[in-house]
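Dear colleague,

Please find below the structure that I am handing over to you. My notes on what was found in it follow directly after.

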Amino acid sequence: MKRSLASSNNDENVADENKFKKAKMMMATDAMLNCPGGVFVAPNDEIYIADNLNHRVRKILKDGTIVTIAGIGEEEGEGFSGDGGPATSAQFNHPCDVFVSSTNEVYISDFGNYRIRKILRNGNIVTIAGTGEEGYSGDGGPAINAQISAVNNIFVSQNDEVYFSDFRNHRIRKILRNGTIVTIAGTGEQGFSGDGGPAINAKLNTPCGVFVSNNDEVYIVDYKSHRIRKMLQDGTIITIAGTGEQGFGGDGGPATSAQLSHPCGVFVSSTNEVYITDSYNYRIRKILRNGNITTIAGTGVKGYSGDGGLAINAQISYVENIFVSQNDEVYIADTNNHRIRKILKDGTIETIAGNGEKGFGGDSPFDFSSHPHIGNDYTIIPKIQLKKHSRDELFGLNLIGFIPLIEKLSPQFSTKAMLNCPGGVFVAPNDEVYMADCQNHRVRKILKDGTIVTIAGTGEEGFSGDGDPATSAQLSHPCSVFVSSTNEVFFADSGNYRIRKILRNGNIVTIAGTGEKGYSGDGRPAINAQISYVQNIFVSQNDEIYFSDFGNHRIRKILRNGTIVTIAGTGEKGFSGDGGPATSAQLDSPCGVFVSNNDEVYIVDYNNHRIRKILRNGIINTIAGTGEEGFSGDGGPAINAQVNHPCGVFVSSTNEVYIMNSGNYRIRKILRNANITTIAGTGVKGYSGDGGLAINAQISYVDNIFVSRNDEVYIADTENHRIRKILRNGTIKTIAGNGEEGFGGDSPFDFSSHPHIGNDYTIIPKIQLKKHSRDELFGLELIGFIPLIEKLSPQFCKIILKNEKLLKSMNSQQIRLKD
């Protein structure tokens with residue numbers, strides 16, 4: 001196949017230009033909305049909209065274009081589905097409000113589904129509150145199991161607690177960081193009472209809005225009481241605006257003497273002025289710092305007029321929600337006018353989204369729900385199968401001259417890849433995830449963009465390759481992987497009875513084991529020692545290598561000078577020795593090892609159903625497990641709990657000890673007070689629960705565990721052929737593997753062939769990279785390239801493609817693509 005403008009005729013040029021013009025962007029002001037209910041302005045000036053009757057959440061990008069970030073939105077789209085998958089494939093039912101947290105997670109009130117949902121940073125959606133059945137229950141327990149009613153407004157505080165107005169339950173409720181739900185205001189009885197007393201004992205009447213100020217005071221819109229109320233830091237509730245009599249009056253005087261009519265939204269600015277949507281008065285009002293109230297927008301007559309003039313003279317409709325930006329510009333969801341409008345600092349009003357026509361339209365063709373590689377730096381939609389040159393054919397355009405951005409366009413992301421009983425997982429400081437893909441006889445890595453590559457192993461079982469590139473070497477059932485502080489990758493080549501290392505130049509060497517199963521060599525070089533099947537390895541801060549010599553019933557260590565020694569176990573299978581020297585103790589098939597920052601060594605004593613620890617003085621003792629196989633003890637001392645064939649151990653930076661209780665199909669944790677609890681798994685072997693709480697998920701036999709610096713827990717869910725992650729909020733998700741046993745999904749751009757791609761430290765000195773080396777990958781004859789769509793979207797279509805002279809000039813810098 002060849003594509004060259006030099007060989008095209010004029011008619012083809014015109015046809016191509018027409019195609020380009022058809023793909024140009026539509027601005028948000030030309031788009032259609034349908035009763036938008038919520039608006040939020042992120043710190044980067046992107047504007048999020050709850051497009052209520054379109055059953056979508058949308059976003060206005062900084063260039064003024066609009067995209068959908070959640071909801072399928074078709075007529076049949078109203079409903080509930082999609083948890084655990086991409087938010088753009090999920091169904092919603094009248095989303096009413098949206099809030100973006102400081103961690104860029106997007107919270108949504110899924111009003112008609114009686115749920116609160118969240119878009120994670122990877123673009124997937126989960127439910128965080130509500131069962132889907134309208135009602136009131138669950139206070140004191142997990143929010144995910146609680147019944148809530150229609151939620152009109154949500155707010156995420158600085159400490160990541162989620163406040164919401166439980167509209168028909170006449171309460172304000174809060175989701176704590178651990179996922180527990182509580183009521184903070186309202187008895188549940190509709191009415192008005194309680195000012196001057198505890199908010200929990202007060203009556204509310206269909207509360208509609210909630211806002212938490214920087215000093216932790218909670219502002220409540222008491223909709224049918226026609227009041228704005230405030231919960232002080234001590235829990236007392238007071239009224240700050242409204243007499244309770246529906247009407248309009250009071251501008252210029254105290255807000256507490258003013259009449260309001262069904263206020264709906266509230267926002268407290270950085271200067272402590274309180275903005276109110278006085279919805280049935282068709283006005284936006286403000287409580288000044290002296291307590292007086294004034295109108296800033298709306299004439300009181302419902303309608304649409306006034307853009308470009310003063311907001312005080314403009315007509316607005318029923319306004320549900322309000323947001324005040326850092327620079328004191330006021331954004332309103334002008335619901336029944338189907339617009340998002342903005343009041344500038346000089347008091348002028350303008351429309352920023354919506355053409356006033358009720359409906360859905362105007363999304364940018366470059367929205368990342370369809371093309372995740374464009375205009376978005378973290379969302380990965382695993383359903384997309386990108387071809388080698390897929391972007392050359394976007395929208396059916398004959399794109400003549402841009403270089404594929406291969407780093408971001410590897411054809412399969414890690415969740416689409418196939419794994420085969422992954423046995424080990426390690427998260428590097430740069431957030432790349434290493435795994436031992438045991439029965440594929442490979443070591444693989446998930447890059448930060450979500451693609452997966454092989455870094456060691458050809459996939460053919462065997463032993464070969466020492467001294468050569470690791471990707472050309474044969475491995476046999478690699479079982480564990482560890483990346484040192486110097487970026488060398490250590491792994492247990494278990495079926496070869498060796499420990500091997502990938503050097504920084506990509507070559508592989510053996511550091512322990514002769515390849516013959518057995519026990520010998522203590523006190524001599526590890527390279528000459530016999531070892532058995534190695535289940536787990538750990539490299540300490542001082543570069544000593546600890547490993548569980550499974551079949552020899554020992555824990556051994558390779559010193560920095562290469563000498564091997566035994567540090568625990570006599571070699572005789574059994575249990576004994578607690579309280580004495582670890583080298584005199586019996587172990588039974590030790591499976592995991594971890595060295596803490598204070599040089600204490602944690603051991604998983606697999607067939608003894610215990611976790612043991614070697615103190616710095618060499619003494620061993622048990623810290624979890626009675627020795628009796630089973631499951632019991634959650635909430636009590638770990639030493640009195642039953643565990644069942646534990647397999648891995650990890651000690652977090654907070655000195656909590658994580659255990660793979662593999663035979664019980666659970667992940668458990670020993671708290672700092674020595675009590676034990678379960679954090680993942682129901683105890684029933686299987687696969688389920690992605691997108692929900694890990695405690696409710698099914699897992700299989702888990703071989704290995706890793707806890708990242710930010711306390712996210714990674715597990716090798718071995719027999720499910722997946723790597724899964726437990727987020728800090730307790731949610732579990734799959735980050736690698738589609739659950740199908742096998743091998744597939746590697747990016748063709750692995751750095752074993754192209755070290756300049758997707759890897760920020762590997763240096764192959766033999767390769768001399770030219771300035772535009774990537775231009776010549778796949779044998780492409782690149783003479784020039786058009787500026788990258790990612791960097792120019794949507795101005796690429798809006799500006800460049802409308803300039804015929806510029807377009808022709810760019811096309812004269814041609815590209816020839818060869819199959």
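Residues 748–819 call for caution: pLDDT stays under 50 over this stretch, for which the model has 139 contacts beyond four places in sequence. The model is a predicted one. Residues 1–25 likewise have pLDDT under 50, with 46 contacts beyond four places in sequence. For the protein chain, the mean pLDDT is 81, and 81% of the residues reach 70 or more.

The second largest pocket has a volume of about 980 Å³. It is lined by 42 residues, of which F40, V41, F267, F323 and Q326 are the closest to its centre. Strands 1, 5, 9, 13, 17 and 21 each give two or more residues to this lining. By residue class, the lining comprises 21 nonpolar, 15 polar and 6 charged residues.

The whole structure contains 37 salt bridges. One of them joins the side chains of E217 and K230 at 3.4 Å, N to O. E217 lies in the loop between strand 13 and strand 14 and K230 in strand 15, so the pair ties together parts 13 residues apart in sequence. Both E217 and K230 are buried.

A salt bridge also forms between D307 and R341, at 2.8 Å, N to O. This pair links distant parts of the chain, 34 residues apart: D307 is in the loop between strand 20 and strand 21, R341 in strand 23. D307 counts as partly exposed because its relative accessibility is 30%, whereas R341, at 0%, counts as buried.

D605 and R612 meet in a salt bridge of 2.9 Å, N to O. Finally, salt bridges with shared partners join D83, D110 and R117 into one network.

With kind regards

How values were computed:
Residues numbered from 1 in each chain as written. Predicted model: local features only at pLDDT ≥ 70, side-chain atom pairs only at ≥ 80, totals over all residues. Heavy atoms only, no water. 1 Å grid on protein atoms, 1.4 Å probe; cavity = no way out; pocket = protein on both sides within 12 Å on 5 of 7 lines; lining within 4 Å. Points joined across faces, edges and corners; volume = space filled by probe spheres on them. Helix = DSSP H or I, 4+ residues; strand = E, 2+ residues; numbered from the N terminus. Nonpolar A, V, L, I, M, F, W, Y, C, P; charged D, E, K, R; others polar. pLDDT = per-residue confidence, 0-100. Contact = heavy atoms within 4.5 Å. Salt bridge = Lys/Arg side-chain N within 4 Å of Asp/Glu carboxyl O. Buried < 20%, exposed > 50% of the residue type's maximum accessible area, 1.4 Å probe, protein only.
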